[in-house]
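Which parts are buried, and what do they touch?

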Amino acid sequence: MTIQDVRNILMVSRCGSINKAAEQIPMTQPALSRCIQKVERELQVHLFHRKQGGQISLTKEGEVFLRMGEKMLEAYGDFERFLEQERDRQTIHLGLPPQMSYSISEGLLQGMYTRSPQHRLVLHPLRNDQLIAGLEDGSLDYAILRQGESEEVPAQFHFALIKENPIYLALRSGSCAGKMAEEEPDTGRKTLDLKHLRGEKFVANLPGSNSRQYSECILEKAGIPVHLMEMANFNNRMDMVRRGEANCLVIFSPSDRYADLTFYDLPREQSYTVLTNLACKKGREGKRYFQMLLSCLEDIFKEL
């Protein structure tokens, strides 16, 4: 006899009919009948009086089973909640894009230890497709996923927005295209149309990554022929920009770390907004750790 068997028999008792209970569970009527017969054989008692028209009522033994079964389910529920709490105190596995791990790992680990010292947070730098697979198979508890402005959220996941990021153009050193940029009078920000880079070399991440996907999307929107090169490491891509070997489209706000490079906004018709989200399987978003993690990430991304 299993816990599900107990649930099934209690449902039959509440419904007063095997057919009605089978609809509620749900399972087929023959399968539910076999479940009752199996338990009755194990206990060597009859739990129900069978009546005409498919109606049933509890025997004396069935009434005792009902009372004991309710206590069993209550105790089992308590045990499940205990196990869930134990799991909450164990190691938490968080996946995030490799490029992002370089800039936020230290602050994230420190921030989460301050908020929840009883947890051990393990970071897993992975490509976007690997992050999604990790959430699906349970090897990751949470993941930081980047999503294009027009992309749909997978139905099985909950996404909580951390920050919206536009994509910038890192113009290669020595390029004359910067002379064609238009400056915003109020902010001083400069916008450069990609049409001025027709036929130039661009460097992007490997296939399967967020930045590669968005780079290809933007270049396709711009409708210009370019030579696309591949480089897995972000810092190496920035070094190629420094050496004047290629341009690069980047998903981050320019900072002092890259003060020697020139970044441009893209015109509205070529621009693309990337949403950075904390993701988990539906049902886990209500957990206290998820909310603490989201708060910590929001604080970190304010400074990026």
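Glycine 95 sits in strand β3 (helices, H or I of at least four residues, and strands, E of at least two, are DSSP runs numbered from the N terminus). Its relative accessibility is 0%, so glycine 95 counts as buried (buried is under 20% relative accessible area, exposed over 50%, partly exposed in between, with a 1.4 Å probe and protein chains only). Leaving out residues up to four places away in sequence, glycine 95 touches His124, Leu131, Leu140, Tyr142, Ala143 and Ile144 (contact means heavy atoms within 4.5 Å). Leucine 32 is 63 residues from glycine 95 along the chain, and their C-alpha atoms are 43 Å apart.

A note on the source. This is a predicted model, where local features need pLDDT of at least 70, side-chain atom pairs count only at pLDDT 80 or more, and totals for chains, interfaces and linings use all residues. Residues are numbered from 1 along each chain as its sequence is written, and side-chain values use heavy atoms, with hydrogens and water left out.

Isoleucine 144 is one of the contacts of glycine 95. Its own partners include Leu94, Leu96, Pro97, Met100, Ile104, Leu131, Ile162, Thr276, Leu278 and Leu297, again not counting residues up to four places away in sequence.

Next, the cores. The largest nonpolar core has 23 residues (a nonpolar core is a set of buried Ala, Val, Leu, Ile, Met, Phe, Trp, Tyr and Cys residues joined through side-chain atoms within 4.5 Å). Ile104, Leu108, Tyr142, Ile144, Leu278, Leu293 and Leu297 touch the most other members. At least two residues of this core come from each of β3 (92-96), α5, β5 (142-148), β6 (157-166), β14 (273-281) and α9 (288-302). The largest share, nine residues, comes from α9. Another core lies apart from this one; it has 19 residues, among them Ala177, Phe202, Leu219 and Ala222. In soluble globular proteins, nonpolar side chains tend to be buried together.

Now helix α8, residues 234-242. Phe234, Arg237, Met238, Met240 and Val241 are buried there. They lie on the same side of α8, because they cover an arc of only 150 degrees around the axis (the arc is that of the directions from the helix axis to the C-beta atoms). These buried residues pack against α5 (98-115), β7 (168-171), β10 (201-204), α7 (210-222), β11 (227-230) and β12 (248-250). Just after α8, glycine 244 takes a positive phi of about 75 degrees.

Helix α7 holds serine 215. Serine 215 has 5% relative accessibility, so it counts as buried. Beyond residues up to four places away in sequence, serine 215 touches Ala204 and Leu249.

Two loops deserve a look. Proline 26 lies in the loop between α2 (18-24) and α3 (29-43). A cis peptide bond joins isoleucine 25 to proline 26, with omega about -10 degrees. Glutamine 44 lies in the loop between α3 and β1 (48-50). Glutamine 44 is not a glycine, yet has a positive phi of about 60 degrees. With a relative accessible area of 72%, glutamine 44 is exposed.

Finally, the whole chain. The protein chain has nine helices and 14 strands. Buried residues make up 42% of its 304 residues. The C-alpha trace spans about 90 × 45 × 35 Å along its principal axes. Among contacts between residues at least 6 apart in sequence, 71% join residues at least 24 apart.
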